[in-house]
Amino acid sequence: MSDTGTDTAFWHPFAPMGAVRHSEFVITRGQDVWLFDEQGSRYLDATASLWCVNAGHGRAEIVEAVAAQMRELATYQTFGDFANHPAQELSRRLAALAPMPGAKVFLASGGGDAIDTAAKMSREYFARTGEPERTVLISREYAYHGTHGFGTSLGGMPANRVAAPFVPDVVRVAYDDPAALEKEIELIGPERVAAFFVEPVIGAGGVLPPPPGYIEQTRDICSRHGVLFVVDSVICGFGRLGDWFGVDRFGVVPDLVVFAKGVTSGYLPLGGVVVHERVAAPFWEPGAPAFRHGATYAGHPTVCAAALANLDVLADEGLLKRAESLETTLHAALRSLGDHPLVAEVRGGTGVLGALEFDPERLASEPGLPAVVARHARERGVLIRPMISSVAFSPPLTLTDDHLDLLTAAVRGALDAAA
Ligand SMILES: Cc1ncc(COP(=O)(O)O)c(C=O)c1O
């Protein structure tokens with residue numbers, strides 16, 4: 001662990017810089033589930049960076065694909081009719097894997113700008129199909145949709161609602177009650193509602209799996225009221241829930257799927273939106289005007305090459321299948337910590353995601369408890385993620401039972417130390 005004492009110029013995201021400026025934790029190397037710091041100490045990466053290194057660190061296949069692409073054509077823009085082979089191939093592959101027919105793929109640089117893309121595309125879809133009054137976007141309490149303009153407004157974690165005023169016509173409903181969504185749509189008037197944004201498993205808001213039937217019922221409610229069903233699978237995709245798009249397991253057909261993170265296992269920044277052919281139609285039919293939206297790095301050839309190599313790794317090594325068993329073993333490992341007096345609830349069991357929720361009384365007297373537990377775990381060689389009232393787990397999909405034993409022992413030690 002590093003306390004350099006030097007004053008950094010690097011402004012970290014989501015960080016109290018007054019404290020962090022003199023004590024950065026500098027990671028220098030990664031291999032599979034392991035990370036190494038400046039001093040050479042080794043850590044188990046039980047969070048896969050920020051829920052994203054699904055294939056594990058140090059994959060030579062991805063590195064070589066990126067280097068080869070950089071030698072050929074490192075970068076070029078894709079506005080207008082410009083294209084490149086990796087962007088074409090990645091879009092083709094994602095469309096073929098997507099749980100909706102004839103899908104089109106809009107590429108962005110990460111989850112936040114993909115969310116902004118989905119929000120603007122939803123409103124623009126209705127503007128083009130004769131229902132311009134459909135502008136309202138509905139999201140859920142505890143939701144996290146990134147920190148861009150629309151994502152901040154859609155977010156359901158009060159602590160993250162900074163820099164008001166927010167985007168107008170955005171409302172939130174309870175995270176676990178389909179009836180609350182229907183009631184809200186009826187209250188607003190269905191003719192005014194454009195889209196409902198839903199994470200299959202809420203991630204940063206606390207790892208909250210959907211109640212049984214929630215995804216299916218909300219899909220149905222949206223269909224009945226003509227509201228677009230936008231799945232935010234930024235965390236849940238590419239194996240995290242044991243399938244490609246984090247929603248396939250529920251057997252529903254989304255209108256839009258927002259993805260990022262695991263599409264490259266985080267090796268390079270990439271996000272995007274997979275769009276149902278029905279939603280894409282008013283943008284793709286002959287004579288349709290351009291959707292005046294997009295970023296310099298959309299369809300960046302090197303980034304797309306990283307994604308293609310990552311998809312090969314996930315498929316060739318059967319990591320989606322592996323995730324299915326890891327979902328059970330991770331949940332069992334976390335449940336074995338449920339008897340600890342600091343732990344009020346163990347969440348997980350839907351995907352390779354889990355959380356330990358802390359005792360509310362203890363949290364009330366010590367709001368920094370999640371960070372304290374995470375720090376103790378780090379001292380024991382395991383990186384876990386502190387959240388508002390819990391700590392989260394989202395390891396690479398290559399995690400083994402031995403790693404899980406190590407994780408459980410270190411976290412129990414960390415809980416004891418914090419208690
Ligand atoms: C569900 C979800 N949506 C969107 C985002 C934003 O992605 P990014 O951080 O790449 O902007 C995140 C990031 O954690 C996320 O978890």
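**Close-up views of a predicted model**

View 1. Pro165 is found in the loop between helix H6 (149-154) and strand S6 (170-173). Helices (H or I, at least four residues) and strands (E, at least two) are DSSP runs, numbered from the N terminus. The peptide bond that leads from Ala164 to Pro165 is cis, and its omega is near 5°. Most peptide bonds are trans. The model is predicted, so local features need pLDDT of at least 70 and side-chain atom pairs count only at pLDDT 80 or more, while totals for chains, interfaces and linings use all residues. Residues are numbered from 1 along each chain as its sequence is written, and side-chain values use heavy atoms, with hydrogens and water left out.

**View 2. Phe14 and its positive phi.** Phe14 belongs to the segment before helix H1 (17-20). Its phi is positive, about 45°, although Phe14 is not a glycine. Most residues other than glycine have a negative phi.

View 3. Gly110, Gly111, Gly112, Tyr144, His145, Gly146, Glu199, Asp232, Val234, Ile235 and Lys261 surround the ligand (each has a heavy atom within 4 Å of it). By class, this shell has three nonpolar, five polar and three charged residues. Ala, Val, Leu, Ile, Met, Phe, Trp, Tyr, Cys and Pro count as nonpolar, Asp, Glu, Lys and Arg as charged, and the others, Gly among them, as polar. Polar contacts are pairs of N or O atoms within 3.5 Å. On the backbone side, a polar atom of Gly111 is 2.8 Å from an oxygen atom of the ligand, and an N or O atom of Gly112 lies 2.7 Å from a ligand oxygen atom. In the side chain of Asp232, an N or O atom is 2.6 Å from a nitrogen atom of the ligand. The ligand taken alone exposes 390 Å², and the protein buries 82% of that (accessible areas come from the Shrake-Rupley method with a 1.4 Å probe).

**View 4. The second largest pocket.** About 950 Å³ of space lies in this pocket. A pocket is an open set of points on a 1 Å grid over the protein atoms alone, where a 1.4 Å probe fits, with protein on both sides within 12 Å along at least five of seven lines. Its volume is the space filled by probe spheres set on the points, which are joined across faces, edges and corners. The second largest pocket is lined by 31 residues, and the closest to its centre are Thr78, Gly80, Val105, Phe106 and Trp284 (lining residues have an atom within 4 Å of a point). Helix H4 (85-97), strand S4 (104-108) and helix H9 (277-284) each give two or more residues to the lining. The largest share, five residues, comes from H4. The lining divides into 19 nonpolar, eight polar and four charged residues.

View 5. S2 (residues 34-37) and S3 (residues 42-45) run antiparallel and are joined by three bridges, and Leu35 stands opposite Tyr43 in S3. The other open sheet has the order S11-S12-S15-S14 and antiparallel pairing.

How values were computed
A polar contact is a pair of N or O atoms within 3.5 Å; within protein, one must be able to donate a hydrogen and the other to accept it, and residues adjacent in sequence count only if both atoms are side-chain atoms. Two strands pair if DSSP finds at least two bridges between them.
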